[in-house]
Amino acid sequence: MPASKRKSFPWHIVVFLAPAVIIYTLFMIYPLIDSLRLSLYTVEQQGGPEVFVGLGNYQRLFTDPFWQPQITRAVGNTFEFFLIHMFVQNPLALLLASLLSSRFIVGRSIYRTLIFTPSVLSVVLIGFIWQLILSPVFGRALFAQIGIKLPPLLGQAETALPVLSLVSVWQWVGVPMMLFLAALIAIPDELIEAARVDGATGVGVFWRIKLPLIMPTVGIVAVLTFVGNFNAFDLIYTTQGALGAPDYSTDLLGTLFYRTFFGVQLQLPNPTMGTAVAGVMFVIIFTGVLIYLFTWQRRLLRNTVEL
Amino acid sequence: MKRLLLVCVLLLLVMNVAQAQDTVTITIESWRNDDLTIWEDTILPVFEAQYPNIDVVFAPTAPAEYNAALNAKLEGGTAGDLITCRPFDASLALFQQGYLASLNDLAGMENFSDVAKSAWITDDGSDVFCVPMASVIHGFIYNKDIFAELGLEEPATVSEFYAVLDAIKADGNYIPLVMGTADQWESATMGFQNIGPNYWKGEEGRLGLIDGSAQYNTEGFAAAFEALAAWQPYLGDSYQSQTYPDSQNIFALGLGAIYPAGSWDISVFNSTAEFEFGAFKPPVPDGQEDCYISDHTDIAIGLNAASPNAEEARIFLEWVTSAEFATLYSNALPGFFSLSSLPVEVEDPVAAEFVGWRNECSSTIRSSYQILSRGEPNNETQLWEISASILNGTVTPQEGADTIQAGLEAWYAPQQ
């Protein structure tokens, strides 16, 4: 009898996994697969039947003289948006976190709360507030008070995207800061004290002790930044509209997808091409995450084993 | 005691159900969220007084989300009984997909001219699918106080227009022309499509684009882009980041003198501007006698083919064709002009001025709306982008016009 008892199927695992698996499959995996399926079809005329075209939509996206400039521009802009986050938001978050983890700064919890607050506000609200601050009516008067002549930052092709990226950085910097802070606080004091005894300076402790120990968090933050910003859409849509004004200089993959899938003003919705754009986003994000898993995380794992 | 309570509750429930069966609720989908109170307080009570068994709910969505939200609702089968129709292809597509019902046999449709119905009819003219509600007219609204202060008169010709703008600019206290390019559509709709018809001779030019005899980069259309580019020195500081609501605020605050307008702005300024304002029609090029205005078929209302309350919804649509509705609507919403052929008295002085131009000038609609926005690239979207870029100085008028013409030639056979 004991033998058959050991073989009995572990139903409790299934039961515990079921809610998450079912909900995740129903609302995440199924729509994802269905949208990838739709991107392999085309509709010859409005309301007509879907016709299978294989990778035809993707081919059109990357070779057609109408689509090719749009997708390359959107990919380029999205990379710029991501890189500004990667190299401004994350170092800034690390700096803030190490300052806040220091025992010598008064009012740390106040700073922590203030810096984190924007990230719990709605992006739409953030968009409107910054649009107001930078507007030629309200914002100009505001900046004129302190003697600055405010240029039309959101209206110029050269400045619009960097400025909006920085607005987004302002909003989200609290999240990586919290992650870094949690990791920094978790470092055992003995390690730091030992380093101090050996004569390490504050800067030395940071570079040689703290940073290597929070590397896993740095990796996670990097991959979250990547995924989050390649999906970005709401801030641009709120402040610049679905066309990524001016002159498509703020057009991200997200806005290109929205415009194509749902249409804009007289431009009719094109769900099949729209899902092809979404497919491109998926491939880019998927590749990025795979690179993270197979290089960064694996190396970290190896290092821990060696330790 | 308990039993009595139970009986009472049951009785109440039954009464509720009986009452609910008596009145039918029909819902209107719309993008006019600005008009919510007008529909609820002015228009719908008149209808509901005549048809007490029909309860009409006006349920608007934000304009920018309307098309996307409506499509999603129709696909999901959750859309309202009555659908406010965008002009031309967006609604035509809904009809072809079977979401809108044909209204050929609706009583009262004879109250609308062919031009009025042109925006909501199949290409072969066999099916009408929305009841035309209103058109909007473009022109210029100006601040009468500023004009009086500087001793200026309403300009009629292009050279008079620039003389007025130069005078305001020379004075230096006011922004001559209140328009921004941040929203892009403002440049195209309030700029290009506003002054353009005078250059391309209204319907002649517009139909020329459709049959291939006119081009965006030659003659009238090219001249219209040049004329638009000439506005740049008169726009306010930082106009590149000025949005449409910014423009409305700047004008309503009395900081600017002339506002390139759509007639729908009248009701906005009626409630926000503290000064008296007037209107003048798009100035004609010097030496030209005929004038042309953009009198754009903008809004109509149709029947959701899947509506469970089609009978009641049709009763409402029949009422929309009546002179009563036309008068009510035109006066409740000054700046939206009924397309009905029945006589309608407009009381608001500025709105009456706008609609009066129909008698002096020939009407046309926006050049990109009929047929030309069916392809890739989309003609209307390109006009937004290029008009804004021309005003921003990032492309010359000729380069911009060439881009738009090339966009049309890429897919539209009569232009190839």
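Reader: Hey, which domains does the domain assignment give for chain B?
Author: This is a predicted model, to start with. For chain B, the assignment gives domain 1 as 12-133 + 296-348, and domain 2 as 137-294 + 364-415.

Reader: What separates their centres?
Author: Taken over C-alpha atoms, the centres of domain 1 of chain B and domain 2 of chain B are 30 Å apart. Their contact involves eleven residues from domain 1 of chain B and 14 residues from domain 2 of chain B.

Reader: What residues are on the domain 1 side, nonpolar, polar or charged?
Author: On the side of domain 1 of chain B that touches domain 2 of chain B, there are six nonpolar, three polar and two charged residues.

Reader: OK, zooming out. How many helices and strands does chain B come to?
Author: Chain B has 17 helices and ten strands. Along its principal axes, the C-alpha trace of chain B spans about 85 × 50 × 40 Å.

Reader: What percentage of chain B counts as buried?
Author: For chain B, 51% of the 416 residues count as buried. As for its contacts between residues at least 6 apart in sequence, 77% join residues at least 24 apart.

Reader: And chain A, how many helices and strands there?
Author: Chain A comes to 15 helices and two strands. A compact globule of 307 residues would have a radius of gyration near 19 Å, but chain A has 24 Å. The C-alpha trace of chain A spans about 85 × 75 × 30 Å along its principal axes.

Reader: What about burial in chain A?
Author: There, 35% of the 307 residues count as buried. Among the contacts in chain A with a separation of 6 or more, 65% come from residues 24 or more positions apart.

Reader: I'm looking at α3 and α4 in chain A. At what angle do their axes cross?
Author: Roughly 80°, and the axes of α3 (residues 56-63) and α4 (residues 67-100) of chain A come within 5 Å. That makes α3(A) and α4(A) roughly perpendicular to each other.

Reader: Which residues meet there?
Author: From α3(A) you have A:Arg60, A:Leu61, A:Phe62 and A:Thr63, and they meet A:Trp67, A:Gln68 and A:Ile71 in α4(A). By class, that contact has four nonpolar, two polar and one charged residues.

Reader: I clicked on A:Gln267. Where is it placed?
Author: A:Gln267 is in the loop between α14 (253-262) and α15 (271-306) of chain A.

Reader: Why does A:Gln267 count as buried?
Author: Because A:Gln267 has 25 C-beta neighbours inside 10 Å, and the cut-off for buried is 20 or more. Leaving out residues up to four places away in sequence, A:Gln267 touches B:Ser373, B:Asn378 and B:Thr381.

Reader: What about B:Asn111, where does that one lie?
Author: B:Asn111 lies in the loop between α4 (89-96) and α5 (114-117) of chain B. With 19 C-beta neighbours inside 10 Å, B:Asn111 counts as partly exposed.

Reader: And what does B:Asn111 touch?
Author: Not counting residues up to four places away in sequence, B:Asn111 touches B:Thr321, B:Ser340, B:Ser341 and B:Leu342. Along the chain, B:Asn111 and B:Val344 are 233 residues apart, and 12 Å separates their C-alpha atoms.

Reader: Last one: which residues of α10 in chain B are buried?
Author: In α10 (residues 219-229) of chain B, the buried residues are B:Gly220, B:Phe221, B:Ala222, B:Ala224, B:Phe225, B:Ala227 and B:Leu228. What covers them includes α8 (185-200), α9 (203-211), α16 (379-392) and α17 (397-409) of chain B.

Reader: How do α10 and α16 cross?
Author: The axes of α10(B) and α16(B) cross at roughly 45° and come within 8 Å, so α10(B) and α16(B) are oblique to each other. B:Phe225, B:Leu228 and B:Ala229 in α10(B) meet B:Ser387, B:Ile390 and B:Leu391 in α16(B). That contact has five nonpolar residues, one polar and no charged.

Conventions
Residues numbered from 1 in each chain as written. Chains lettered and ligands numbered in written order. Predicted model: local features only at pLDDT ≥ 70, side-chain atom pairs only at ≥ 80, totals over all residues. Domains from an automatic or database assignment. Contact = placed C-beta atoms within 7 Å. Nonpolar A, V, L, I, M, F, W, Y, C, P; charged D, E, K, R; others polar. Axes fitted to C-alpha atoms, helices over the stretch in contact; angles between N-to-C directions. Helix = DSSP H or I, 4+ residues; strand = E, 2+ residues; numbered from the N terminus. Parallel < 35°, antiparallel > 145°, perpendicular 65-115°, else oblique. Rg over C-alpha atoms; globule rule 2.2 N^0.38 Å. Buried ≥ 20, exposed ≤ 12 C-beta atoms within 10 Å, placed from the backbone.
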